[in-house]
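Morning, everyone. I have one model to go through today, and I will keep to what can be computed from it.

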Amino acid sequence: MINVKLPKRLDPVKSAQKLSSYEGIYVAKDMLRLNDMVDSILSDVSVKVEFAKDAQSLTYFQGTLAVQVMLVCQRCNQPYPHDVDIEFCFSPVQGSEQDETLPDAYEPVEVDDHGEVDLFQVLEDEVILALPIVALHAEEDCSVKAQDMSFGKIEPEPERKNPFAVLKELKRD
Ligand SMILES: [Zn+2]
């Protein structure tokens, strides 16, 4: 069982010089924004990350992240577990001007005035971005089947009011 707590902030350039690598966890309940977006978080956030410099002596850090969350299915309203597994590869930049020169393999991540990266925040963002836009069960697991989703025969509406006409009526009141 890995339960080493990871540093939340670190200097990626120094870490790369030391060829640091970390394997450990962030406590999931500390990810407040993520907590707001999911039904619950079922595991801690396990992270592996390695810091290094490439052939062009660009600092980068890459790794993987895994966490299990509970989402609410938008079809049947039941919660279901969802695994988030992410691979990431970042390169620290100062301000945004360096973004364009960065090779595509690297995602830019801004360092603060002390040359530090808020790894915790950066990875929390990654988890949030990886969540499905619409949470849905796999169809076979969902209690609402696709055929239940049709609404039967749709009767043609005899008189369709022009929505602008409705607005006019409202204004008259
Ligand atoms: Zn469902």
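First, the ground rules. This is a predicted model, where local features need pLDDT of at least 70, side-chain atom pairs count only at pLDDT 80 or more, and totals for chains, interfaces and linings use all residues. Residues are numbered from 1 along each chain as its sequence is written.

On confidence: pLDDT is the predictor's confidence in each residue, from 0 to 100. The protein chain averages 87, and 79% of the residues score at least 70.

Now the layout. There are four helices and eight strands in the protein chain. Helices (H or I, at least four residues) and strands (E, at least two) are DSSP runs, numbered from the N terminus. In sequence order the pattern reads β-α-β-α-β-β-β-β-β-β-α-α.

Next, pairings; two strands pair if DSSP finds at least two bridges between them. Strand 5 runs antiparallel to strand 6, with twelve bridges joining them. One of the bridges there links Ala66 to Asp85, and Phe61 is partnered by Phe90. These two strands make a hairpin with six residues between them, and Asn77 in the turn has a positive phi of about 70°.

Strand 5 also pairs with strand 4, antiparallel over eight bridges. Ala52 has Tyr60 as its bridge partner. That pair is a hairpin too, with five residues between the strands and a positive phi of about 55° at Ser57 in the turn. Strand 3, residues 40-41, is antiparallel to strand 5 over two bridges. Strand 6 and strand 7, residues 107-110, pair in the parallel sense over four bridges, and Ser91 has Pro108 as its partner.

On to the core. Buried means that 20 or more other C-beta atoms lie within 10 Å of a residue's own; 12 or fewer is exposed, in between is partly exposed, and C-beta atoms are placed from the backbone. By that count, 20% of the 173 residues are buried. A nonpolar core is a set of buried Ala, Val, Leu, Ile, Met, Phe, Trp, Tyr and Cys residues joined through C-beta atoms within 7 Å. The largest one has 25 residues, and Val45 and Val67 have the most contacts inside it. Strand 4, strand 5, strand 6 and helix 3 each supply at least two of its residues, and strand 5 gives the most, six.

A contact is two C-beta atoms, placed from the backbone, within 7 Å. Not counting residues up to four places away in sequence, Val67 touches Ala28, Ile41, Ser43, Val45, Val84 and Val127.

Which residues of helix 3 are buried? Leu119, Leu123, Glu124 and Val127.

Last, Leu6, in the segment before strand 1. Is Leu6 buried or partly exposed? Partly exposed, because Leu6 has 19 C-beta neighbours inside 10 Å. Leu6 and Gly24 are 18 residues apart in sequence, with their C-alpha atoms 5.7 Å apart.
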